[in-house]
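I opened this entry to keep a record of what I looked up in one structure. The notes are in the order in which I took them.

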Amino acid sequence: MSRSFRLAPLAVVLASGCTGVLGPEDGGPAGGGPEGEAAAAECGATPALAKPRIWRLTNAQLANTLRDEFDIQPEALSNLPSEARLDGFANQAEELRVAPLLAEVYFALGEELGAHALKNPDKFGIACDVASLAPGSCLDGFVARTGQKLWRRPLSATEITSFSALFAKTAAQGEGPAGGVKSVVQALLMSPSSLHRTELGTVKDTGAVTSLTDHEIASALSYLLWDSAPDAELTALADQGKLRDRAVILAQAQRLFEARDKAAPAMNHFFEQWLELENLSKSVKDASVFPMATPELTADLKEELRLLTNSVLFDAGADRRFDSLFSGTYAFVNERTAPLYGLSGVTGDAMVRRELNPAERRGIFTSLPFLWGHSHSQDTGLVGRGAYVRAEVLCHRVPLPPGGVPNAGQFAEPGATGRQRLGIHASPGCAVCHKLFDGIGFALESYDPIGRYRTMDQGQEIDASGSLPLPSEGNAPPGIVFSNFVEMVDELAQKPDVYSCFAQQFAAYASGYDWLKLDACEKERLVDGFARSQHAIDQLVLSVIESPSFIDRRN
């Protein structure tokens, strides 16, 4: 039966003094108390609209665009600097700047793309011999076609004339038409119209609503669902001015989502970032403690994560429900990873689906990729595991500890379990915050640093019991009470918190804003819709696309 619930009241000032969340005045969600009720009452009025902006392509989006439009994977892509992440996703618009080092890589990409154009003129709309290329229809066609692919909109006559003049000028400087082609391709690539997505519309008046152009909407759809440029069908609809029709937009969104070869990698990218596992291959374990922890094994875990998310969203018969990801009892394993799950009889490199012991495993957070990626080289990273779940699964960020706080483990006796090492967290000064997430970490102590289930640590029986105050209940203790992590997942599955948070997380990823900065009424709409759909992830995607800010902005 579908459940409908309001946004979890995250704007809570804890009686204990740990104020790790923001209220509506800080960009956080409304909820709880008269202010939250007033905000909810106003949600039926004219919806708030996001502001116009330009949004730099991520490294993945740029790479995919060059691959799909020109069939090239330039070597310079490997030199792109990593995208900074502290809180939120790597595609947050305000963090995607063009620093000098990045500009140098873009320059090198332009050089490679220009050289590629000389070898593959047909992919760039050059319909004549390059050696004879000169001002005229063939040159204009080259500029128009390449510009359309890189800028994701038709170039104006003035723009075509400008780039044709650049061709003539550079062609006369020694390399001839070949040099002109390379300079035009490089200039088109390095333009903000190529490296950025525009969300500006056409109206510039202060305070006015500006409607995004059809080509801006086409890019919004394709980069959300494919992490790449619009295809021919989407571009044709934009050329015809049909993408402001809501029925057309939703039909195109469904078409793009069903195109598994492009939609699956894009959704995998979201899940990797949400789970903070995009750098799983760099999570190195101490070989003296875990000799089985080889690069081949971490590659297996990355593949397992991909297969798991695809099994929920894209495989035949997939129910596309978040519940299957959160509470499922199966995994994809091969002969290297099966023993870590306690499974036998699996041979070969191929990953196969196997059911797991339901008393030991429940969902993505007891999977090997998650447990491995959220551990240190020798120990489990108890605090980090708990803090991650608190922040990214329950959408409650607890502030970092003050500077100078010593490692609690240094006060423990030799041979102490993880729980015993952190006993100092029970002191009032630490418990203010640690009571909010240490219980999660204690429950996850049943899984060692490479994800194996265990009942003993340091020769002692693990106590995986605990309690977890919930944001939806004002973080009032004790919250849910459990004897192990599987019980905790089962309890959370009956509460609104994880579903509310997941809806906000995907909305944040889709919009390029941190979830704390999303409009409270828009979040409420998405969360309620996600509940009514029985947590259908594909319906959540469509709900984001139905957002008023997907096609309109306010200056």
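The entries below go from the whole chain to single residues.

**Whole chain.** I noted first that this is a predicted model. I counted 22 helices and 10 strands in the chain. The chain has 555 residues, and 53% of them count as buried. I then looked up the accessible surface, which comes to about 23400 Å². Carbon and sulfur atoms hold 54% of that surface. For contacts between residues at least 6 apart in sequence, I found that 70% join residues at least 24 apart.

**Helices α2 and α3.** I asked at what angle the axes of α2 and α3 cross. The axes of α2 (residues 59-70) and α3 (residues 100-119) cross at roughly 10° and come within 13 Å. The cut-off for roughly parallel is under 35 degrees, so α2 counts as roughly parallel to α3. Next I listed the residues that meet. From α2 they are L62, L66 and F70. From α3 they are Y106, L109, L113 and H116. I sorted the residues of this contact into six nonpolar, one polar and no charged.

**Helix α11.** I checked the length of α11 (residues 260-274) against expectation. Its 15 residues should span 21 Å at 1.5 Å a residue, and the end C-alpha atoms are 20 Å apart, so the two values agree. I also looked up which residues of α11 are buried. They are A263, A264, A266, M267, N268, F270, F271, E272, Q273 and W274. Just after α11, I found E276 with a positive phi of about 55°.

**Positive phi in loops.** I looked up R152 and R320 for their backbone angles. R152 is not a glycine, yet its phi is positive, at about 60°. R152 sits in the loop between α4 (137-151) and α5 (157-171). Its relative accessibility is 6%, so R152 counts as buried. R320, also a residue other than glycine, has a positive phi near 60°. I placed R320 in the loop between α12 (295-313) and α13 (322-327). With 15% relative accessibility, R320 counts as buried.

**A cis peptide bond.** I asked which residues a cis peptide bond joins. The bond joins P477 and P478, with omega about 0°. P478 belongs to the loop between β8 (466-468) and β9 (480-482).

**V333.** I found V333 in strand β4 (residues 330-333). Is V333 buried or exposed? The relative accessible area of V333 is 0%, so V333 is buried. I then listed what V333 touches, not counting residues up to four places away in sequence. The list is A338, Y341, L343, V346, A350, M351, V352 and R354. I also took the C-alpha to C-alpha distance from V333 to G348, which is 9.8 Å for residues 15 apart in sequence.

**S543.** The cut-off for buried is under 20% relative accessible area. S543 has 14% relative accessibility and therefore counts as buried. Leaving aside neighbours within four places in sequence, I found S543 in contact with R525 and L526.

Conventions
Residues numbered from 1 in each chain as written. Predicted model: local features only at pLDDT ≥ 70, side-chain atom pairs only at ≥ 80, totals over all residues. Heavy atoms only, no water. Axes fitted to C-alpha atoms, helices over the stretch in contact; angles between N-to-C directions. Helix = DSSP H or I, 4+ residues; strand = E, 2+ residues; numbered from the N terminus. Parallel < 35°, antiparallel > 145°, perpendicular 65-115°, else oblique. Contact = heavy atoms within 4.5 Å. Nonpolar A, V, L, I, M, F, W, Y, C, P; charged D, E, K, R; others polar. Buried < 20%, exposed > 50% of the residue type's maximum accessible area, 1.4 Å probe, protein only. Areas by Shrake-Rupley, 256 points an atom, 1.4 Å probe, with all protein chains shown as cover. Expected span 1.5 Å × (residues − 1).
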